[in-house]
Amino acid sequence: MSRFLSKVIFRSESRRFLSSLTTFDVKPEQKTRELIDKIIRVDQAGELAADRIYAGQMAVLGHTDVGPTIQHMWDEEKAHLAKFNELIPKYKARPSALLPIANLAGYALGAGTALLGKEAAMACTVAVEAVIGEHYNNQLRDLMEHADQTKDKDLIETIRKFRDDESQHHDTGLANNAEQAPFYRNLTSVIKLGCRLGIYLTERI
Ligand SMILES: [Fe+2]
Ligand SMILES: [Fe+2]
């Protein structure tokens, strides 16, 4: 009987030991760290793509009457990108491996829509900025819940400010006849889908 009992105890102890080796208790600080890492990685990639979209639009439409409007939005995107380039080392976040793709895809999207006309370029802006604004709002909600409101204040304020800038870019697109673009609905749906896919991938890769 005692042999039977010691066998049972040994088995349950060894099972517990084995499970302690294979299960990981993720601490809340670790989760927050992973959240911030993901946020900075995807935002740097997103702002790089935005910078390239406006560069592509300027290459095609820079000399037209919407040139100064696009230049103004581009300048703000350059500042957004510079800020995330600064936050990557500050938080020791891992940059996305997809940055070269974000660079090329952004430029191709900006130049490609601009070649369809001013209205299509503005429709591209409306679609991209709608998704980015929504994305920044989701991040703000997560940060309000999990981040340290004092230590991570700079990051939270940065995202809040950029969310407001993106919302203005969105409205600028609408004010510049985005809705008159050919196939406006289909064009914006496809671009939004692409942006959401880009967000999904650069959060992870
Ligand atoms: Fe931006
Ligand atoms: Fe923007």
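**A buried residue and its helix**

Guide: Glu129 is found in helix H5; helices here are DSSP runs of H or I with at least four residues, numbered from the N terminus. The model is predicted: local features need pLDDT of at least 70, side-chain atom pairs count only at pLDDT 80 or more, and totals for chains, interfaces and linings use all residues. Residues are numbered from 1 along each chain as its sequence is written.

Visitor: Is Glu129 buried or exposed?

Guide: A residue is buried if 20 or more other C-beta atoms, placed from the backbone, lie within 10 Å of its own, exposed if 12 or fewer, and partly exposed in between. Glu129 has 24 such neighbours inside 10 Å and therefore counts as buried.

Visitor: What is Glu129 in contact with, leaving aside neighbours within four places in sequence?

Guide: Contact requires C-beta atoms within 7 Å. On that basis Glu129 is in contact with Glu166, His169, His170 and Gly173. His169 belongs to helix H6, residues 153–175.

Visitor: Where does UniProt place the feature "binding site"?

Guide: The unreviewed entry lists Glu77, Glu129, Glu166 and His169; such annotations may be inferred rather than shown by experiment. These positions spread over 93 residues of sequence yet cluster in space, the largest C-alpha distance being 11.3 Å.

Visitor: How do helices H5 and H7 pack?

Guide: Axes are lines fitted to C-alpha atoms over the stretch in contact, and angles run from 0 to 180 degrees between N-to-C directions. H5 (residues 118–146) and H7 (residues 184–204) pack at about 40°, with axes 9 Å apart.

Terms used
Chains are lettered from A and ligands numbered from 1 in the order in which they are written. Helices (H or I, at least four residues) and strands (E, at least two) are DSSP runs, numbered from the N terminus. Two residues are in contact if their C-beta atoms, placed from the backbone, lie within 7 Å.
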